[in-house]
Amino acid sequence: INGRLILPDADGDFKICAGAVNFDDKIISIGEALDGAELIDAAGAYVAPGFINVHIHGAAGVDTMDDDIAALQKLADFLPATGVTSFLPTTMTMPLKNIYRALERIRAGKNFKRGARILGAHMEGGFISKKFNGAQAVENILPADFALIKDFADVIRIITVAPEETGLDFIRECRAAGIIVSIGHSAATYEEALAAIEHGASHITHLFNAQTGLHHRRPGIVGAAFDSNANVELIADNVHVHPAAQRLVAKAKPRREIILITDSLRACGLGDGLSELGGQKVFVSGNVATLEDGTLAGSVATMNNVLKNFCTNTGLDVAAGVELVTKNPAVELGLFNKLGSLEVGKAADITLFDDDFNVKRTFVGGIIN
């Protein structure tokens, strides 16, 4: 009670409303508080659907690639404090045996009983370009072969690939298996990227970063993203993407095609110092994380921070901004009938935050985390 509810209107657009949300593990009703219910005073905070992060490597000192399922549980336990109630643990370009073990842990982690929900995996690499490897280790990049991942089609929800390297048949095989194909870490031309989108790629991994940029004679992947209906990820930490570039995305893409991510590392939440990513040293200073050669190495941002940044930089109102971390990823993952908005019958994944986007309380399946 006493919160500013962020609810879909008749057109599905999120608006700020008054009222109470009644829930157990699912949302029971919205309107008046039910007689006999335990009352939780939101004290004027926004009451939003739980955030969904489709691209996150780690936080709180742990990483998806750590060969210990307890690390994955620690990550799940940490995320609700940032408003995240479900996520896709994201792999790195490492030896295939390491990726397989990570996917096995993620499959098992879907049954965790506490913390943010694991919805599956985002497999980032190793079917990428050596020209745009970013913080991914070149020596572990592989030629694309669907046979290498077919046994994990049940757990891989998104796969990042360089389409100029993989070819279109690989994209079609992934889509036939229900895997969302994302273009990223790629040297693709505008024409190659657009062909990939026309053959089933529907997502762009961390737009602007580790890919061909927008040039007036070579529109590149960014041009293809703007000139198509592909969903775009955006690391709105004001380091990976300048605030002006964030505004350009907000003007060039419909709101429903923008998904905010953190792409965060194990260093997220730990402050300055030495960290690690995929076996490589990472140096963190303030909100910047780099490899030894100065290459940006993911972020140390949290989801509530990137939401704040994007709304501040673009002028998008809070309710509309929340769609970019709830409704949009849920729709893309085919889970909007269960997650992504505060509607009767959906999971009681709820995040409360204040005007400065500080998370006050988070519920996953009705249980406070």
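**Figure 1. Phe357 and its stacked partner, Phe353, in the predicted model**. Phe357 is buried in this predicted model, with a relative accessible area of 7%, and Phe353 is buried as well, with a relative accessible area of 1%. Both values count as buried because they fall under the cut-off of 20% relative accessible area. The ring centres of Phe353 and Phe357 lie 5.5 Å apart and the ring planes meet at 15°, so this pair is classed as stacked.

**Figure 2. The ring cluster of Tyr46, Phe51, Phe353 and Phe357, with Arg4 over one of its faces**. Ring pairs join Tyr46 and Phe51 with Phe353 and Phe357 in a cluster. Arg4 is placed over the face of Tyr46, at 4.0 Å from the centre of that ring.

**Figure 3. The edge-to-face pair of Phe127 and Phe170**. Across the whole structure, a search finds seven aromatic pairs. In the pair formed by Phe127 and Phe170, the ring centres are 5.4 Å apart and the planes stand at 80°, so the arrangement is edge-to-face. Phe127 belongs to the loop between strand 11 (121-124) and strand 12 (156-161), whereas Phe170 belongs to helix 4 (residues 168-176), so the pair ties together parts that are 43 residues apart in sequence. Phe127 and Phe170 are both buried.

**Figure 4. Lys346 over the ring of Phe336**. In this view Lys346 lies over the face of Phe336, at a distance of 3.4 Å from the ring centre.

**Figure 5. The largest pocket and the residues that line it**. The largest pocket holds about 520 Å³ of space, and its lining is made up of 20 residues, with Phe112, Arg117, Ala347, Val364 and Gly365 lying nearest the centre. Sorted by class, this lining comprises nine nonpolar, four polar and seven charged residues.

**Figure 6. The second largest pocket, with strand 3 and strand 20 in its lining**. The volume of the second largest pocket is about 320 Å³. Its lining consists of 21 residues, and those closest to the pocket centre are Ile1, Val21, Phe23, Glu38 and Ile40. Strand 3 (20-23) and strand 20 (350-353) are the elements that each supply two or more residues to this lining, and strand 3 contributes the most, with four residues. By class, the lining of the second largest pocket contains 16 nonpolar, four polar and one charged residues.

Conventions. Residues numbered from 1 in each chain as written. Predicted model: local features only at pLDDT ≥ 70, side-chain atom pairs only at ≥ 80, totals over all residues. Heavy atoms only, no water. 1 Å grid on protein atoms, 1.4 Å probe; cavity = no way out; pocket = protein on both sides within 12 Å on 5 of 7 lines; lining within 4 Å. Points joined across faces, edges and corners; volume = space filled by probe spheres on them. Nonpolar A, V, L, I, M, F, W, Y, C, P; charged D, E, K, R; others polar. Phe/Tyr/Trp six-rings, centres within 6.5 Å; stacked < 30°, edge-to-face > 60°. Buried < 20%, exposed > 50% of the residue type's maximum accessible area, 1.4 Å probe, protein only. Lys NZ or Arg CZ within 6 Å of the ring centre and 35° of its normal.
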